[in-house]
Amino acid sequence: MNLFDKTKLIMKQNNISANKNLGQNFLIDENIVNQIVEASDVGKDDMIIEIGPGLGTLTEKLLEKAGRVVCIELDSKMIGILNKRFSQNKNFELINQDVLKTDLKSLIKNNRINSINKVKVVANLPYYITTPIIMKLLEEKLDIDSITVMVQKEVAERLADKPGGKEASSITCTIWYYSEPKIVLDVPNTSFIPKPEVQSAVVKFDILENARIKVENEELFFKVIKTAFMQKRKTLVNALVNGKIFENREEAVECLEKIGIDEKIRGEKLTLEQYNDICNSLIAKGKNI
Ligand code: SAM
């Protein structure tokens, strides 16, 4: 039976219809499922955290390849189906929870059995919370090796861009600080039921062993970046003065001049190193926010 018919059958047998509010678009293309698993580079010494397993399409393949698969699913209607399908698998663990409220550090610690070498996140993400999930995975500094996720294509382009690039946003800077991102697969909307309006893509983030640059005060660093992007249409100087990073225009211009940045530049054009130069100059002036 092909994946489309199998998905339809599971939904019919369990009287399930996709819940739009939970971002439910189920994969029905076997080829895409295989390519996601391949891109994730899953092996027997890996523990996989799957966010939003849904009916278990990706889960089934992950269970064949991984040492352990820990799934986090919010929709309790899916829990019965997943347990029926996989509870006999020794390497399967299911948690009925909102991933944004899950203590992932403890989850990794508790499930990391001796045979596990690396922890990887693999998911067809619920699109309505793509950004908070990725931010959580990166900012909590979890002991993970990579994150391979399906997201909206347009979002993927932003996530995989470099600071200073055309699509850069503050999340681009966070991602670039912690990881090496790349788009590994374009996915047409015909690969899901129900068919979403937008096209999708799979992005892989290889987590760097150490952050890409050395930063003295991470809180200040990300505060400056967020402030710069909060007012994208303004110049960097105006954004940083309005956001109270600098007390006034003169102070901001003087700082940028000293580190060789044009005062007319917009925040999205800066590299991580240049943001760090601004922070170091603030710290040198005793402004260690
Ligand atoms: N993995 C399945 C597939 O590829 O066919 C389903 C993917 S579907 C795009 C997203 C899944 O995330 C749904 O099963 C949905 O119920 C689940 N979900 C939505 N919000 C969630 C949350 N806050 N925490 C955990 N799972 C969530």
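**Ligand contacts and backbone details**

Biologist: How far is a backbone N or O atom of Gly54 from an oxygen atom of the ligand?
Modeller: The model is predicted. A polar contact needs two N or O atoms within 3.5 Å. For the backbone of Gly54 and a ligand oxygen, the distance is 3.4 Å.

Biologist: How much of the ligand's accessible area does the protein cover?
Modeller: On its own, the ligand has 600 Å² of accessible area. The ligand sits in the largest cavity.

Biologist: Which elements give two or more residues to the shell around the ligand?
Modeller: The shell has 22 residues, and Gly52, Glu73, Asp98, Asn124 and Tyr128 come nearest. By class, 11 are nonpolar, 7 polar and 4 charged. The elements that give two or more residues are strand E1 (26-27) and strand E3 (68-73).

Biologist: What is the angle between the ring planes of Tyr177 and Phe221?
Modeller: The structure holds 6 aromatic pairs. One of them joins Tyr177 and Phe221, with 5.4 Å centre to centre. Planes under 30 degrees apart would count as stacked and over 60 as edge-to-face. This pair is tilted, and its angle is 45°.

Biologist: How many residues apart are Tyr177 and Phe221?
Modeller: Tyr177 is in helix H8 (residues 170-178) and Phe221 in helix H9 (residues 218-230). The pair therefore links distant parts of the chain. Its separation in residues is 44.

Biologist: Is the peptide bond from Ile193 to Pro194 cis or trans?
Modeller: Most peptide bonds are trans. Pro194 is in the loop between strand E8 (192-193) and strand E9 (200-207). With omega near -15°, the bond from Ile193 to Pro194 is cis.

Biologist: What is the phi of Asn15?
Modeller: Most residues other than glycine have a negative phi. Asn15 lies in the loop between helix H1 (3-13) and E1. Although Asn15 is not a glycine, its phi is positive, at about 55°.

Technical notes:
Residues numbered from 1 in each chain as written. Predicted model: local features only at pLDDT ≥ 70, side-chain atom pairs only at ≥ 80, totals over all residues. Heavy atoms only, no water. Near = heavy atom within 4 Å. Polar contact = N/O pair within 3.5 Å; in protein donor to acceptor, adjacent residues only side chain to side chain. Areas by Shrake-Rupley, 256 points an atom, 1.4 Å probe, with all protein chains shown as cover. 1 Å grid on protein atoms, 1.4 Å probe; cavity = no way out; pocket = protein on both sides within 12 Å on 5 of 7 lines; lining within 4 Å. Sits in = over half its atoms within 2 Å of the grid points. Helix = DSSP H or I, 4+ residues; strand = E, 2+ residues; numbered from the N terminus. Nonpolar A, V, L, I, M, F, W, Y, C, P; charged D, E, K, R; others polar. Phe/Tyr/Trp six-rings, centres within 6.5 Å; stacked < 30°, edge-to-face > 60°.
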